[in-house]
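Open the model in your viewer and follow the selections below in order.

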Amino acid sequence: MEMATAKGTRDGPSAPEWLVTVPEGASVAVEHEAARGARAAWLASRALAFRDMVLGFGGRVWRIGADDPRRAVHGLKVGLALALVSVFYYTRPLYDGVGGAAMWTVLTVVVVFEYTVGGCVYKGLNRAIATASAAVVALGVHWIASKSGDKFEPFIRSGSVFLLAAMATFSRFIPTVKARFDYGVTIFILTYSLVAVSGYRVGALAAMAQQRVGTISIGVSICFATCALICPVWAGQELHRATARNMERLAGAVEACIEDYFAAAAEASGVKQPSSKVEGYRCVLNSKASEDSQANLARWEPPHGRFGFRHPYGQYRNVGAAMRHCAYCVEALVGCVRSAETQAAAPGHARRHLADACTRVAGLCARVLREASGSVSAMTTSTILDLAVADMNAAVQKLQADMRALPSTLLLAEAGSAEPAASTAPLIMDAAQLFTVTSLLIEVSARIEGVVDAVNTLASLASFKSADEEKACTVRD
């Protein structure tokens, strides 16, 4: 390091400059060290991000299995079924018995095995019946085509594929066929087309069809045995529990909504964090697709427990429809309550005049729904349910009487105040929100009676036992 001499400028002498002598190649080494450090930091950050991603994914997977362990069991059941099917490949005598068509057994297990017994039976029977019927039709068309001569045989085969595929595809638009046999129609089209096309070049068509039907029957049987005998999940029971659970959620939503409204209105700020129970009605509104699917699958299930042949699974749809009819009104009630939190609150004396009656009606509405839920859950008729409905109707009549007396109450309160009479109109306008909430609550109570009627119909069709008979059976057991 040397000190350079100072050179003068027009502005005067400049300060001395220091010159640093750097060995050749040292600057390149410094740059490499800096790049290596940056690369190491980047790799460390990527490794930490990958670790966090793996841990987060593992945590989500664990929560899914912990919420419902039957999902993990379902995966083990599918693995067991495929392991049993693989025996036909790994064991020479069994492979010789089914021939190269053993692959159809594996495919059958993969596409047929479902989470519920009803879904497995639905797909299995549809696949077996559709395969057998398509094979029989293909054999018949093959016989007719073989008798018509070489000139017309290709036209007969192609025409049969066209007509049967067009007719079967159109049948899928029929609601009954769509709901119960849609998968079977698809398999019929696939099987017939494969057998008809391949059979034109294969002489032993009957043997090929027999092998295919046999291997598919083996796969379906393995699916049935594994799904129904090892920790079975019944679609009928899932539908039954979901119906009772939705009633509980709807009851909590009605009760929490009214409580939040009057609690928020009583506070000075007029704002209160809504309860999480208020959102329970959304589960009811979104349950239609699940209910329809489970009701269709439950019809295919064999008798189990208290769910025998011809159990009225269709009535659960009517109960769900009645609950959704009520949930739509609850949704309007929740929207009205939330809009009231951002607007001027109703007069204090008006709230006090209706608060007790509204809270009582909401509580009795929730009680009726919970009694109906308990009746469905236990599959017993409830004597308390009719009394709860009577109490709810009496409370609604009292609330209506209080509403009719509210205008005169407002006028008396205004007459006793020091404000001029010109403020009466705004006072009534502020109370309009309270009138709307009360009217919607009365409508909810009326729609709850529709839910009770649907539950009573279900109890009659399913032959629910009375509570006394259930206790007697429990004592005998």
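**Tour of the helices**

Start by selecting residues 156–174: the chain there is 84% helix and 0% strand, with its end C-alpha atoms 28 Å apart. Helices (H or I, at least four residues) and strands (E, at least two) are DSSP runs, numbered from the N terminus. This is a predicted model, where local features need pLDDT of at least 70, side-chain atom pairs count only at pLDDT 80 or more, and totals for chains, interfaces and linings use all residues. Residues are numbered from 1 along each chain as its sequence is written, and side-chain values use heavy atoms, with hydrogens and water left out.

Next, select residues 72–91, a span that is 95% helix and 0% strand, with end C-alpha atoms 29 Å apart.

Now show helix α2 (residues 69–90) with helix α4 (residues 102–112): their axes come within 9 Å and cross at roughly 175°. Axes are lines fitted to C-alpha atoms, for helices over the stretch in contact, and angles run from 0 to 180 degrees between N-to-C directions. The crossing therefore makes α2 roughly antiparallel to α4 (angles over 145 degrees). Contact (heavy atoms within 4.5 Å) involves Ala-81, Leu-82, Val-85 and Tyr-89 of α2, and residues of α4 including Met-103 and Val-106.

Move to helix α5 (residues 117–147), which has 31 residues and reaches 45 Å from its first C-alpha to its last. Just after α5, Gly-149 takes a positive phi of about 100°.

Finally, pick Leu-125 in α5. Leu-125 touches Ala-130, Phe-224 and Trp-300, not counting residues up to four places away in sequence. Its C-alpha is separated by 7.8 Å from that of Val-220, 95 residues apart along the chain.

Definitions and conventions: The expected span of a helix is 1.5 Å times one less than its number of residues. Angles under 35 degrees count as roughly parallel, over 145 as roughly antiparallel, 65 to 115 as roughly perpendicular and the rest as oblique.
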